[in-house]
Amino acid sequence: VTPQNQVSPTAHAQPTALSGSAASVPFNSAARGHYRVLRDSYRQEFGFCDDYIIFDLETTGLNSQTCDIIEIGAIRFQNNEQVSTFHSYVKIHSAIPPEITSLTGITDEMLFDAPEIDAVLWNFKNYIGDSVLVAHNAKFDMTFLQTFYHDLFGYTLENSAIDTLYLSRKYNKHLENHKLATIKDYYKIEAGSHNALDDCKVTAVLYQNCRQKEIQNQKRMKN
């Protein structure tokens with residue numbers, strides 16, 4: 001059962017043990033090489049809904065089979081109102097590439113006391129339940145999630161996912177590009193960049209603005 005107002009484990013707090021979870025052990029990235037990339041193994045949604053969870057990952061690179069997740073952030077919305085958040089850093093067993101630290105601000109020291117990936121993903125699964133997920137460039141984030149859930153637990157998520165990159169290209173055609181940094185500037189959002197929860201905040205504003213544009217389009221069609 002997913003509590004509706006669950007607050008996430010903090011950045012350095014060990015998540016509460018959950019019944020049925022795997023024992024927390026160091027995760028070997030090299031062991032993932034024999035799994036195919038689960039790039040399209042999720043249900044893509046193209047509409048809008050009132051209840052959803054916006055999420056974002058920070059990783060050590062672009063390849064889900066050789067790189068690691070180092071941060072997960074999520075915000076739950078009910079009736080388009082924020083009701084709770086989830087956030088955790090993730091311990092990894094190799095040094096963060098310097099360019100990733102420069103991009104995200106995440107250092108090896110910040111991950112030292114963080115929980116292992118299996119514990120974080122187990123808690124994240126309990127947090128999201130069967131909710132619709134929303135992410136910017138959802139294919140990237142969902143590929144990482146599906147690969148890690150497949151490798152660690154032997155299953156993949158069945159949640160539908162909405163991609164705000166697709167929505168921005170549809171409803172904000174005038175923008176030069178659709179990077180979150182550009183979206184943040186366009187909507188004048190006060191938030192950081194390449195920080196999981198801040199990126200969720202920007203994605204939320206984008207999603208809700210696209211939703212309003214679609215509502216306005218529907219009204220014009222009726223008139």
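## Helix H7

In this predicted model, helix H7 spans residues 196-222 and comprises 27 residues. From its first C-alpha to its last, H7 reaches 39 Å, close to the 39 Å expected at 1.5 Å a residue.

The buried residues of H7 are Ala 196, Asp 198, Asp 199, Cys 200, Val 202, Thr 203, Ala 204, Leu 206, Tyr 207, Cys 210, Arg 211 and Glu 214. An α-helix has 3.6 residues a turn, so residues three or four places apart point the same way.

## The six-stranded sheet

Six strands form an open sheet with mixed pairing, in the order E1-E6-E5-E2-E3-E4. Strand E1 (43-45) and strand E4 (81-89) stand at the edges; each has a single partner strand, so one side of each is left without a neighbour in the sheet. On average, neighbouring strands of this sheet are turned by 30° against each other, direction ignored.

Strand E4 pairs with E3 in the antiparallel sense, over eight bridges. Within this pairing, Ile 75 has Thr 85 of E4 as its bridge partner.

## Helices across the sheet

Two helices can be described relative to strand E3. Helix H3 (residues 117-128) lies across E2, E3, E4 and E5 and runs at about 10° to E3. Helix H7 lies across E2, E3, E4, E5 and E6, and its direction is at about 40° to E3.

## The largest pocket

The largest pocket holds about 600 Å³ of space. Its lining consists of 22 residues, of which Glu 58, Leu 103, Phe 140, His 194 and Asp 199 are the closest to the centre. Asp 199 is also among the buried residues of H7.

Several elements contribute to this lining. At least two residues each are supplied by E2, helix H1 (98-104), helix H4 (138-153), H5 and H6. Strand E2 provides the largest share, four residues.

## Ser 168 in helix H5

Ser 168 is located in helix H5. This residue counts as buried because its relative accessibility is 0%, and the cut-off for burial is under 20%.

Leaving aside its neighbours within four places in sequence, Ser 168 is in contact with Lys 173, Leu 175, His 178, Ile 183, Leu 206 and Cys 210.

How values were computed:
Residues numbered from 1 in each chain as written. Predicted model: local features only at pLDDT ≥ 70, side-chain atom pairs only at ≥ 80, totals over all residues. Heavy atoms only, no water. Expected span 1.5 Å × (residues − 1). Buried < 20%, exposed > 50% of the residue type's maximum accessible area, 1.4 Å probe, protein only. Pairing = 2+ DSSP bridges. Axes fitted to C-alpha atoms, helices over the stretch in contact; angles between N-to-C directions. Contact = heavy atoms within 4.5 Å. 1 Å grid on protein atoms, 1.4 Å probe; cavity = no way out; pocket = protein on both sides within 12 Å on 5 of 7 lines; lining within 4 Å. Points joined across faces, edges and corners; volume = space filled by probe spheres on them.
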